[in-house]
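User: I have not looked at this structure before. Could you take me through it in questions and answers?

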Amino acid sequence: MDIPLPDIVSALGTIMSTNKENRNDHIEDIQHHVKVYMNVFIALAFLTILTVAVSYLEVSFIEAFFIAITVATIKGSLVLSYFMHLITERQTIIWILVITFIAFLILLFIPLISLTDQVNTW
Amino acid sequence: MSNIPYILEERPDTGLNNSKLGIWIFIASEIMLFGGLFSAYVFLRIAAPEGDFAYWGSKLNIPMATFNTLVLITSSVTMVMSWASLKMQQFDKYKMYLGITILCGLAFLVVKYFEYTGKFHHGIYPSSSTFMGIYFTMTGLHVLHIIGGLLVLGFFWTSQADKMWEEDQDLLANRIEITGLYWHFVDLVWIFLFPILYLL
Amino acid sequence: MSSNQHHHEENFIQKYVFSVDHKTIGLQYGVTSLFFLLFGFILMMIMRYQLAYPEQVIPYVGNWLFSGSGGVMLPENYNTLGAMHGTIMIFLGVVPLAVGAFGNYLVPLQIGAPDMAFPKLNAASYWSYFIGGVIMMASFFTPEGAARSGWTSYPPLSIFESGQTMWLIGMVFLITSSLLGSMNIIVTIVQLRAPGLTWFRLPYFVWAQLVTSFLLILAFPPLESAAILQLMDRVAGTSFFLPSGLVYAGSVVEAYGSGSPLLWQHLFWFLAHPEVYVLILPAIGIVGEIIANNTRKPLWGYRSLVYAISFLGFMSFIVWAHHMFLTGMGQSMSAFFQLTTMIISIPSVVVLTAFFISLWGGSIRFNTPMLFALSFLPMFGIGGLTGLPLGVAASDIFLHDTYYVIGHFHYVVAPGTLFALFAGIYYWFPKITGKRMSEPLGKLHFWPSLIFMNGIFMPMFIQGLAGLSRRMYDGGQTYAHASDILQWNEFMTISAFCLGAAQIPFVVNLIISLSGKATGERNPWKSTTIEWTAPSPPLPHVNFDSEIQVNHGPYEYSVPGADEDYCPQSSP
């Protein structure tokens with residue numbers, strides 16, 4: 001069963017083999033990884049500056065919110081995929097995170113929706 | 001005990017070793033912990049008078065927090081580099097990168113110290129408003145996580161790590177990978193905390 | 001932590017106090033939780049005396065506990081008893097027994113593992129629980145006294161009432177203990193299953209513990225964050241849960257305001273609803289094991305049973321606001337939560353039905369574990385059915401916060417979970433100790449317990465339907481609408497005291513059996529699951545004295561053509 005990953009994530013790096021048989025192979029893999037890490041670092045730094053710069057623009061709250069969350073999600077995905085190796089991680093871990101994320105969304109949105117649906121106000 | 005299987009070796013059907021699964025489950029619980037606070041933030045922002053959060057939010061110091069964000073991102077890259085160095089058998093590089101990671105973490109704490117005391121100096125406390133309350137609570141809990149992480153990182157910088165490197169290299173590399181996952185998660189939380197608290 | 005085997009003599013502290021062996025830790029959890037169950041029971045008895053004979057001097061303990069009021073219980077004392085009874089029973093009693101004791105002891109054994117995945121973390125989770133328990137108990141002795149805002153700790157009351165700060169700090173330790181423990185159980189089950197033990201060969205008890213641990217891992221942290229927020233409100237003057245313009249005890253509250261008491265309710269019930277499934281799932285697992293064993297048949301519908309509790313676990317995250325129907329909720333939210341609550345009753349029905357059908361055509365042995373397990377079925381049935389009017393907003397508007405609710409949840413937890421846990425103690429006692437418990441004493445424990453449990457809780461439905469509110473220190477004396485059903489209070493109190501007396505044979509049984517001679521019999525119940533192949537008690541740190549290779553399903557009883565009427569999972 002394939003788990004679809006965000007396009008931007010797979011566009012930024014190639015999927016490395018998880019073959020750890022040969023130590024020498026492994027070291028070359030790691031050296032390739034190092035290049036990826038540096039690229040990710042630059043991307044993160046850039047996105048940080050970007051998100052701060054954009055926050056000075058005169059936009060509505062909803063627009064500012066979506067931009068901030070989108071940039072944060074991109075940054076977060078980079079950290080998760082490359083620094084935390086999720087891009088090559090096993091299905092078990094991915095599924096645990098998917099379930100957690102769903103629980104997180106429930107926790108975030110249901111109280112919110114109930115507040116807007118409220119009959120009386122506090 | 002040492003007779004427990006799959007401490008380092010990957011179990012064939014799951015492809016995981018025990019600590020890797022364990023730390024990810026722990027991270028899942030931490031996502032829910034901060035999730036509770038994010039949920040509280042959203043709820044409180046809506047419950048507060050119009051513009052209340054924006055007003056109090058504007059009192060935060062964006063340049064200091066941006067600097068802190070870059071510091072944490074740097075510490076994340078040096079953290080993964082310290083693990084990579086171990087995998088490439090370069091123990092000295094491992095120590096160097098780990099040292100930089102710890103310094104970055106300490107720098108974060110120092111900046112936070114100045115941020116907090118700056119607020120107190122101006123008579124702004126957690127009780128000053130619900131925004132300030134949730135700001136201090138969320139960043140405070142994050143600070144506690146940084147401190148916890150630094151304690152573990154510090155342990156792996158001592159001679160205990162040298163001993164582990166001599167006795168069982170794979171074990172040390174595994175432990176650093178697991179610690180790294182925790183540290184990256186702490187960075188991840190800040191990546192979301194920063195825009196939500198400081199920029200919105 | 002190197003890979004060579006250590007074989008050293010452990011001193012007393014290493015072997016018994018800070019042991020990392022899951023069996024010792026399981027027993028530590030067991031003994032500690034039984035003590036807390038007893039303490040919680042005593043708190044209840046004091047409350048029940050007051051409810052039966054309001055404004056009377058409480059005998060024996062009254063002058064000592066309520067010296068300021070001449071031995072008579074004050075309303076705030078009643079509130080303390082109520083809040084702490086609930087807290088202690090749930091967080092210090094049932095969950096540590098069901099998950100910490102049974103889970104820790106049995107999961108490694110049932111999957112053929114030498115220990116839990118993280119033995120040191122296991123010890124840490126026990127001691128975190130212990131510290132949390134000490135803090136909760138210590139709160140009784142502070143000048144403020146123990147918490148008295150209900151186990152639900154609703155603000156604004158909980159922000160101003162006494163004793164709440166220590167409750168919150170104690171909860172942080174208890175939650176930490178649970179999180180570490182559940183993480184350990186999940187990794188253990190996923191990673192340490194013996195060769196050949198595939199997912200659908202797992203004993204049902206292990207499946208139940210797996211789902212329970214997932215619930216704990218995802219649901220407890222929001223309560224931890226809520227507890228931090230409430231601590232901030234109490235200690236740092238924040239107003240996360242305090243609305244603007246609040247007046248408390250006659251004066252305007254000096255706080256920023258613009259907080260929301262509803263926020264606490266959402267965060268609290270996000271945990272507390274999955275928590276009730278945490279209370280019931282291990283019990284369901286235990287009952288499954290004992291029914292299969294004592295009918296000499298496989299469990300009927302094993303796969304449906306697994307899918308049912310998995311679906312139940314998932315659904316338990318989206319029903320919580322059925323505890324909040326009276327908070328001014330809008331129609332859409334109310335409809336949503338009613339729907340999910342009705343749906344979540346389905347898996348429980350699947351489980352009960354499968355268990356009932358499992359009995360059909362079985363060679364039923366009516367030993368003590370089986371008696372408790374069988375009684376679980378109708379008792380949990382009553383508890384579950386009485387939950388339905390509470391899950392529908394129209395009837396819940398009338399029944400919320402009445403004795404009907406208390407009757408409902410006690411049926412599920414007391415003659416439900418607790419009976420299953422008793423069944424488990426009688427069932428696994430031979431494995432843990434190498435000795436047998438007395439059957440006659442077991443039956444002397446069972447029958448009166450069953451009768452008096454119903455004596456306490458059945459009248460609560462009558463009282464609730466008559467409109468009697470809960471948490472009233474005088475049991476409803478001052479309300480005209482309660483006058484018809486007040487007479488039940490005395491009946492219920494007498495039942496409660498008799499229930500207490502009915503536990504004496506159990507305690508006596510434990511003492512006599514423990515001091516008896518060990519036969520070391522490995523499999524007295526002739527069970528199929530792996531733990532019965534270990535020595536009794538299992539070997540320290542390694543559990544088994546032979547390699548475990550699993551070749552069979554969990555409940556291969558009465559296999560046609562076999563020599564014996566059971567085929568152990570790990571036999572060739």
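Predicted model: local features only at pLDDT ≥ 70, side-chain atom pairs only at ≥ 80, totals over all residues.

User: Which helix of chain C gives the most to the side that touches chain B?
Analyst: This contact takes 39 residues from chain B and 41 residues from chain C. On the side of chain C, at least two residues each come from helix 7 (164-191), helix 8 (204-235) and helix 9 (261-295). That side divides into 25 nonpolar, 14 polar and 2 charged residues. With 10 residues, the one that gives the most is helix 8 of chain C.

User: Why is chain C said to be as compact as a globular protein of its length?
Analyst: Chain C has 17 helices and 2 strands. For 572 residues the globule rule gives 25 Å, and chain C is close to that, so it is as compact as a globular protein of that length; its radius of gyration is 24 Å.

User: What share of the residues in chain C is buried?
Analyst: The C-alpha atoms of chain C fill a box of roughly 75 × 55 × 55 Å along the principal axes. Among contacts in chain C with a separation of 6 or more, 79% join residues 24 or more positions apart. A residue is buried if 20 or more other C-beta atoms lie within 10 Å of its own. Of the 572 residues in chain C, the buried share is 55%.

User: How are helix 11 and helix 12 of chain C oriented to each other?
Analyst: Helix 11 (residues 331-359) and helix 12 (residues 368-391) of chain C pack with their axes 10 Å apart, at an angle of about 165 degrees. Angles over 145 degrees count as roughly antiparallel. Helix 11 and helix 12 of chain C are therefore roughly antiparallel.

User: Which residues of helix 12 of chain C meet helix 11 of chain C?
Analyst: Helix 11 of chain C passes helix 12 of chain C in a left-handed crossing. From helix 11 of chain C, the residues include Gln338(C), Ser345(C) and Phe356(C). In helix 12 of chain C they are Leu377(C), Phe380(C), Gly381(C), Gly384(C), Leu388(C) and Gly391(C).

Conventions: Residues numbered from 1 in each chain as written. Chains lettered and ligands numbered in written order. Helix = DSSP H or I, 4+ residues; strand = E, 2+ residues; numbered from the N terminus. Rg over C-alpha atoms; globule rule 2.2 N^0.38 Å. Buried ≥ 20, exposed ≤ 12 C-beta atoms within 10 Å, placed from the backbone. Contact = placed C-beta atoms within 7 Å. Axes fitted to C-alpha atoms, helices over the stretch in contact; angles between N-to-C directions. Parallel < 35°, antiparallel > 145°, perpendicular 65-115°, else oblique. Left-handed = near helix turned anticlockwise from the far one by under 90°. Nonpolar A, V, L, I, M, F, W, Y, C, P; charged D, E, K, R; others polar.
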